[in-house]
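Hi everyone, thanks for coming.

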Amino acid sequence: MPDKNYFSHETAVIDEGCEIGAGTKIWHFSHIMPRCIIGENCNVGQNVVISPEVVLGKNVKVQNNVSIYTGVICEDNVFLGPSMVFTNVINPRSAINRKNEYARTVVKKGASIGANATIVCGHDIGQFAFIGAGAVVTKNVPDYALVMGNPAKQTGWMSEYGHKLSFDKNGEATCVESGEKYVLKDGKVSKL
């Protein structure tokens, strides 16, 4: 690799043929596999595996004990909580090679996935969506949605700052931290 403009702990294994952005930090016992792309200013916690062809945008935070398998794309500012899980094959069997059946999962900008959550492959997570700890996601999650449980069900909407939104009779809500305003129309949330 050319000049290293990122930090990696001496116990991290970084294979040839991956791209790692400036300012990224890779911690103890993590394995970065070939042909993956990690953007600038990411933080890859302890005991993380990033498989070939995974793409992480800028400022992605990967907490300890997360495996990100081939087929996963995380856009900018995504948070992956401790020990959360991605899958990449719908019907895995040890004796049957299904590497040509990897399903794609996209985690869109600003989304957060809580500790111990599971994302079943082939389902996209919308912008600024919030997946509760331990949730099992078995379908697509809309932008700004809050989902919890097994299987995960939508229980509300979240602001970009990570606060539950309370919509008034006009379908408008304000984030308690940022003061930003949101509108709920036709089952979709957008920021005003």
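This is a predicted model: local features need pLDDT of at least 70, side-chain atom pairs count only at pLDDT 80 or more; totals for chains, interfaces and linings use all residues.

Residues are numbered from 1 along each chain as its sequence is written, and side-chain values use heavy atoms, leaving out hydrogens and water.

Let's begin with Thr105, in strand β15, residues 105-107; strands here are DSSP runs of E, at least two residues, numbered from the N terminus. Is Thr105 buried or exposed? Thr105 is buried, at a relative accessible area of 0%, where buried means under 20% and exposed over 50%, with a 1.4 Å probe and protein chains only. Its side chain reaches the backbone nitrogen of Gly122 at 3.1 Å. Beyond four places in sequence, Thr105 touches residues including Phe86, Ile119 and His123, with contact meaning heavy atoms within 4.5 Å.

Next comes Ser8, in strand β1, residues 7-8. Ser8 is buried too, with a relative accessible area of 15%. Setting aside neighbours within four places in sequence, Ser8 is in contact with Ile14 and Ile26.

Now the sheet. Three strands form an open, antiparallel sheet in the order β22-β23-β24; two strands pair if DSSP finds at least two bridges between them. β22 (172-174) and β24 (188-191) are at the edges with a single partner strand each, so one side of each has no neighbour in the sheet. Strand β23, residues 181-185, pairs with β24 over 4 bridges, and Lys185 has Lys188 in β24 as its bridge partner.

Technical notes: A polar contact is a pair of N or O atoms within 3.5 Å; within protein, one must be able to donate a hydrogen and the other to accept it, and residues adjacent in sequence count only if both atoms are side-chain atoms.
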